[in-house]
Amino acid sequence: MNKKDLAFFKKILLQKKTELLNKVNNIQKELESDSDTVGDEIDTASINSEKEMYFELAANDKITLDAINEALAKIENGKYGKCACCNGAISIERLKAIPWGRYCIQCQEEAERPRK
């Protein structure tokens, strides 16, 4: 992978990281404002349901943020674009779809294949 490609992917990863951090901050603000709300049982149930959804979203975003940070570290140490399983190259097309992807398509498919 050349320097131009690495710069391209680094820019995309940093943009996605900023987007996710802003989203998590907004979720935290939303949760804080909901805790000030007083209402009846239905309101409380609705707020609790929303909080549960926000926690789930935040957990998924945390996983993606961790993967983005790992990808950025790989760019810095020259290992970006290499599969974490087979150490083969991850295709540019796959990285364009999922810039924080850890595995080549073959290893990802193997990992997702149901075990018998």
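Start by selecting R94: leaving aside neighbours within four places in sequence, R94 is in contact (heavy atoms within 4.5 Å) with Y103, C104, I105 and Q108. The structure on your screen is a predicted model, where local features need pLDDT of at least 70 and side-chain atom pairs count only at pLDDT 80 or more, while totals for chains, interfaces and linings use all residues. Residues are numbered from 1 along each chain as its sequence is written, and side-chain values use heavy atoms, with hydrogens and water left out.

**Stop 1: around R94**

R94 lies in helix α3. Helices here are DSSP runs of H or I with at least four residues, and strands are E runs of at least two, numbered from the N terminus. R94 is buried yet has no salt bridge. Buried means under 20% relative accessible area, exposed means over 50%, and partly exposed is in between, using a 1.4 Å probe and protein chains only. A salt bridge is a side-chain nitrogen of Lys or Arg within 4 Å of a carboxyl oxygen of Asp or Glu. For charge, Lys and Arg count as positive and Asp and Glu as negative, while His and the chain ends are not counted.

**Stop 2: colour by confidence**

Next, colour the model by pLDDT, the predictor's confidence in each residue, from 0 to 100. The protein averages 86, and 82% of the residues score at least 70. Which elements have the lowest and the highest mean pLDDT? Helix α2 (residues 41-77) has the lowest, 81, and helix α3 (residues 92-97) has the highest, 96.

**Stop 3**

C85 is exposed, with a relative accessible area of 56%, whereas C104 is buried, at 5%.

C86 sits in the loop between α2 and α3. This residue is partly exposed, at 43% relative accessibility.

**Stop 4: the largest nonpolar core**

Now select L13 and Y80, which touch the most other members of the 14-residue largest nonpolar core. The elements giving two or more residues to this core are α1 (3-35) and α2, and the largest share, five residues, comes from α2. A nonpolar core is a set of buried Ala, Val, Leu, Ile, Met, Phe, Trp, Tyr and Cys residues joined through side-chain atoms within 4.5 Å. In soluble globular proteins, nonpolar side chains tend to be buried together.

Show what surrounds Y80: apart from neighbours within four places in sequence, its contacts include M1, F9, L13, K74 and L95.

**Stop 5**

K74 is in helix α2 and counts as buried, at 17% relative accessibility. Leaving out neighbours within four places, K74 is in contact with K79, Y80, K82 and A84.

Finish at L72, also in helix α2. Is L72 buried or exposed? L72 is buried, at 12% relative accessibility. Not counting residues up to four places away in sequence, L72 touches K10, L13, L14 and K17. L72 and F9 are 63 residues apart in sequence, yet 8.8 Å apart in space, C-alpha to C-alpha.
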